[in-house]
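Here is a short note for a colleague who is new to this structure. Please read the points with the model open.

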Amino acid sequence: MAFREINAKMVEATVAPGQRLFSQRGAMLAYRGEVSFTPNMAGGRGGLMSMIGRRVADEDTPLMTVEGSGTVLFGHGGHQVQVIELAGDTLYVEADRLLAFEGTLEQGTVFLGAQGGVMGMVRGQVSGQGLFTTSLKGHGSVAVMAHGGVIEIPITPQRPVHVDPQAYVAHHGDVRNKLSTALGWRDMVGRGSGEAFQLELSGSGAVYVQASEEKL
């Protein structure tokens, strides 16, 4: 594991020669050893297409390449931090929720409609999230940010999970998402997303939900 949770809002990362991490710009709080931080415009292992995808999605969240030998403390804005371990599967998360991740993971950009069809597009408009989301695939650790703490809820074929779109943080596994309405269209006027809309996730995997509807 590259990240060790120091407290609810900080993680410590070990940086070793020949390895690298990627972090959100401004996420470094302190470091020890010989560690360098350089702007990254190629989108990690996702390369040029990942960078283009982020620009199209208006998710031009700057990344820093972290290399050298030492330890780094990461945190940002006083947000709660959750470490997620990937063992060959894919994590889907908004770019601005990424605090840091290992360079062993391949980064990409996914159009929400590819998973949820037209309803996935509607979800982006309703929740305030972009129509694109970031994917991280492979073996490694990811540190994500959220408001008020994060809980991991398993998703099984027999038990889909319904989430307020604004409380959604990330998900992984073989999961499909679909936006459904809890009220009639006339009743939705003036109501927040949690009252009117629900994000249904079905399949096999897990979804991460924050304890607040507040965006980062």
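1. The accessible surface of the chain is about 10100 Å², and carbon and sulfur atoms account for 53% of it. Such areas come from the Shrake-Rupley method with a 1.4 Å probe; for residues, only the protein chains shown count as cover.

2. This is a predicted model: local features need pLDDT of at least 70, side-chain atom pairs count only at pLDDT 80 or more, and totals for chains, interfaces and linings use all residues. Residues are numbered from 1 along each chain as its sequence is written, and side-chain values use heavy atoms, with hydrogens and water left out.

3. The chain has three helices and 13 strands. These are DSSP runs numbered from the N terminus: helices are H or I, at least four residues, and strands are E, at least two.

4. Of the 216 residues in the chain, 48% are buried. Buried means under 20% relative accessible area, exposed over 50%, and partly exposed in between (1.4 Å probe, protein chains only).

5. Arg 97 sits in the loop between β6 (80-93) and β7 (98-102). Its relative accessible area is 3%, so Arg 97 is buried. Its side chain makes a polar contact of 3.1 Å with the side chain of Gln 210. A polar contact is a pair of N or O atoms within 3.5 Å; within protein, one must be able to donate a hydrogen and the other to accept it, and residues adjacent in sequence count only if both atoms are side-chain atoms.

6. Thr 104 is in the loop between β7 and β8 (106-111). Thr 104 is partly exposed because its relative accessibility is 43%. Its side chain reaches the backbone oxygen of His 139 at 2.7 Å.
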